[in-house]
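Hi,

Here is the structure I promised to pass on.

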Amino acid sequence: MVPDYKPQDIEQKWQAKWAEDELYRVGESDEKPKWYFLTMFPYTSGDLHIGHWYAEAPADTAARFKRMQGYNVLRPIGFDAFGLPAENAAIKRNIHPFTWTIQNVENMRRQLRSLGATYDWSREVVTCLPEYYKWTEWFFLQFYKAGLAYRAKAPANWCPKCQTVLANEQVTAQGLCERCESLVTKRDLEQWFLRITNYADELLDHSKIQWPERIGLMQKNWIGRSEGAEISFGIDGYPDEDIRVFTTRPDTVYGVTFMVFAPEHPLIERLTTPDHRPAVEAYVAETRRQSEIERQSTEKEKTGVFTGAYAINRLNGEKVPIFIADYVLLSYGTGAVMAVPAHDTRDFAFAKKYGLPIPVVIAPEGWSGGPLDEAYTEAGTMVNSGLFDGTPSVEGKKKVAEYLKDKGWGGPTVNYRLRDWLISRQRYWGAPIPIVYCDHCGIVPVPEDQLPVLLPEDAEFRPTGESPLKYHEAFVNTTCPTCGGPAKRESDTMDTFICSSWYFLRYASPDYDKGPFDPAKVKYWLPVDQYTGGAEHACMHLLYARFFTMALRDLGLMDFGEPFTRLFNQGLIIADSRKMSKSRGNVINPDLYVQEMGADTVRAYLMFIGPWDQGGDWNDNGISGMHRFLNRVWNLVLSDEDLRGKYLGEASEAEVRALRRLTHRTVKKVAEDLERFRFNTMLAALMEFTNYLAKARETAAANSPYWKEAIDSLILMLAPAAPHVAEELWTSTGHEYSVHNQRFPVWDEALVKEEEITLVVQVNGKVRDRIVVPASIGEEEVKAQARQLERVQPFIHGREVRNIFYVKGRLVNIVVS
RNA sequence: GCCGAGGUGGCGGAAUCGGCAGACGCGACGGACUUAAAAUCCGUUGCCCGCAAGGGCGUAGGGGUUCGACCCCCCUCCUCGGCACCA
């Protein structure tokens, strides 16, 4: 009798056994090639939802496949454990962030274990533990010493709900906080920044990594490189002042009829003439009142006010009025623009509204010489442009920029949308910024031997949301490491994205205490060969981690600049057509499904839903189908012994061939699909194979010596996706433990080939018949056979056969008039 | 507005190179087993006409290239993602 398939029993049994044997523990090896397969570590928000499983289960399957191919696979796991939710929980439930986080970690560990994955738990890292964040702080000091970390006052994104500033990357296009979706406002604050902009060009270069093109484009959009020129303008009445603007169109500089400054521009205060001051101040106040979205709405009509001041265009000596307008942003370029109404749509609209001249300096082809109805922004010929008259504008861009450089009035330059990374957070639950402020010595970095700067355990969490560190006297008040005098500690902590910018290095040597990592082990394991995770991190984690790695390389800590050689983004699992979130109450917990159907079913079902990069709407309609499939495999394999000898007679040669062909075909298909992360079609192929075997079992084919090859292959092919069932079936069919130390079956190309093929016969592109022919059949023979077919005859009878196309092994198409 | 991904049965999806559209699964329908149900097994299942043989239509819509188009080209519509007054 075949025992029932009871996943609950076998899964726990094998998980315990694998853990006891440390089956997935890896070390450096000379014999096997290494393969570092990493999935973005989870944030310790509480429960894992089905989305986490969607990230982990297929990745685990792919990693298991690599193992079975003979790679030394590093598959570590850890927890991104600093961050705001822990602190909010502290305020709300009166529980310490550490306690809350560790409780979550424990629960998530349990859930991750139930997945039956190949994690090497001995390498686990938790970013909120001092032995980890000591090195986060250490990295900050290295950045500081190298001039890559600096403190500056700047208008920062302020989330009123999170009560902290945010980096640009952490604000959505709609001006909302990426985490809590509150409306973000601006605040002028002294903040710490990392010079990610130093690496803008290298970050733009994806030529050394195999990443999805989509992510490259997103990063490219975000970095926003634009080539142009910086041009200096004089200011009437201020001979020592100079205002620089960035433009992508230096060729239009002779068409400047006014200048526009951002309302917050620091020069405005000085330049505004007394008679214009009231209007300017009112406009500035109005701009400040507006939200970022209101201000940046492209629908809005252009507004602005004249300051009474004039700029001087050095190229033609013209005096042009200076306006302020809210469409000019202080944060981009120099915060001031030269306005060329004839050749820029925004400037055109502005000039029309305020009655400013619109002289044409780039002539469109066939231009009449008259005024324009709208801005002409294409290429043309330079006119009214002094010595550049007659120059094609494309060429003119370069020539004008060079000319400016010769004259000392600016020159060619590149501008980026990307801003430096603002890393200060006015919160408790993060790695402290290891800096001390001394009245005497100024900004003093904490000496490395005094790291880590520990988070005080007894901080008071206030419902006001103010940083608990700021009011923690014992923490803030310290002595200056340089002069020994009284000093204040920095009370801001670091953006948690810093913690996740180097965790993949820590996995190489998680217990190392002489530095953030053991250089020899990093040299062996890194870079990550395959990284997987959500595309929502394109312009945050993935950009930051690349920057970090490049900076560490330049600091001489490593010899590579790209952390992740290959990247794959799984899609998003949504529920009821909406993103899963606690606030929406549509979070799907995998635990219930695991209890009912087993982890193998949940794993395989997630992979079967569709292509991994597509994600999809979670519904459990189909999950029973996957459970049925595993049950069928179970019964097929375990009833094998019972049936042996039941069907007498020897398998025919044709039966054996068919059996072997499908076995080898399936091995090929499954291996190729696993290689390319096509788990859905891999499982479909296994289902077809199983269906075939279930039928073949009723025939003499089951008596073939190759029957065992088929069954063994099936178990081995199932092992990456459904590791528990595979282990149980493998060991119960007389094989040696463990199936997960076996080699993946290899296919014989000669057996895969068909000796007989079915050709489709078309007349004028329509299928009319099929013929079975030997695979070796010649073209002429096929064509001759095809036109003789009974079902084809009526369609060609009495017509002229114009052509016959033969696609080898596939079809014949007879073209008639 | 710009850039990108996508649109295939009742549903999830398949079709690796321009060559059988709808693999595999869910659901539905019919049957077997059962006192009955569940489970399991067998069969049918894109739409339309037809008793059938068979025929026609069909991959968001329209046009094109080709012997042949889900696939390539042009236009339109819809969904999702990124950027967006970026000078």
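**The largest cavity**

The largest cavity has a lining of 19 residues, and those nearest its centre are Leu84, Arg179, Arg425, Asp495 and Thr496. The elements giving two or more residues to that lining are helix H3 (84–93), strand S6 (164–166), strand S23 (493–494) and helix H14 (496–499). By type, the lining of the largest cavity splits into seven nonpolar, six polar and six charged residues. The space inside the largest cavity comes to about 270 Å³, and the structure has three cavities of 30 Å³ or more.

Before going further, the ground rules. This is a predicted model, where local features need pLDDT of at least 70, side-chain atom pairs count only at pLDDT 80 or more, and totals for chains, interfaces and linings use all residues. Residues are numbered from 1 along each chain as its sequence is written, chains are lettered from A and ligands numbered from 1 in the order in which they are written, and side-chain values use heavy atoms, with hydrogens and water left out.

As for the terms above: on a 1 Å grid over the protein atoms alone, a cavity is a set of points where a 1.4 Å probe fits but cannot get out, while a pocket is an open set with protein on both sides within 12 Å along at least five of seven lines; lining residues have an atom within 4 Å of a point. Grid points are joined across faces, edges and corners, and a volume is the space filled by probe spheres set on the points. Helices (H or I, at least four residues) and strands (E, at least two) are DSSP runs, numbered from the N terminus. Nonpolar covers Ala, Val, Leu, Ile, Met, Phe, Trp, Tyr, Cys and Pro, charged covers Asp, Glu, Lys and Arg, and the others, Gly among them, are polar.

**The second largest pocket**

This one has a volume of about 580 Å³. It is lined by 23 residues, and Gln15, Arg110, Arg113, Ser114 and Gly116 are the closest to its centre. Helix H1 (7–21), helix H4 (97–114) and helix H18 (590–597) are the elements that give two or more residues to the lining of this second largest pocket. H1 gives the most, with seven residues. The lining of the second largest pocket divides into nine nonpolar, seven polar and seven charged residues.

**The overall picture**

Chain A has 28 helices and 32 strands, and its C-alpha atoms fill a box of roughly 110 × 85 × 50 Å along the principal axes. Of its 817 residues, 54% count as buried (under 20% relative accessible area; exposed is over 50%, partly exposed in between; 1.4 Å probe, protein chains only). The chain is divided into domain 1 (136–195 + 420–497), domain 2 (226–415) and domain 3 (754–816), with bounds from an automatic or database domain assignment. The C-alpha centres of domain 1 and domain 3 lie 75 Å apart.

**Rings**

Rings of Phe, Tyr and Trp (its six-membered ring) pair if their centres lie within 6.5 Å; planes under 30 degrees apart count as stacked, over 60 as edge-to-face and the rest as tilted. That rule gives 49 aromatic pairs. One of them is Trp421 with Phe547, edge-to-face at 6.3 Å centre to centre and 70 degrees between the planes. This pair links distant parts of the chain, with Trp421 in strand S17 (residues 421–422) and Phe547 in helix H17 (residues 541–554), 126 residues apart. Both Trp421 and Phe547 are buried. Tyr503 and Phe504 also pair edge-to-face, at 5.8 Å centre to centre and 75 degrees between the planes. Tyr503 counts as buried because its relative accessibility is 0%.

Arg187 lies over the face of Trp158, 4.0 Å from the ring centre. The charged end of Arg64 sits over the ring of Trp18, 5.6 Å from its centre.

The peptide bond from Leu526 to Pro527 is cis, with omega near -5 degrees. The bond from Tyr737 to Ser738 is cis too, with omega near 5 degrees. Asn94 is not a glycine, yet has a positive phi of about 55 degrees; Asn94 is in the loop between H3 and H4.

Technical notes: A charge sits over a ring if NZ of Lys or CZ of Arg is within 6 Å of the ring centre and within 35 degrees of the ring normal.
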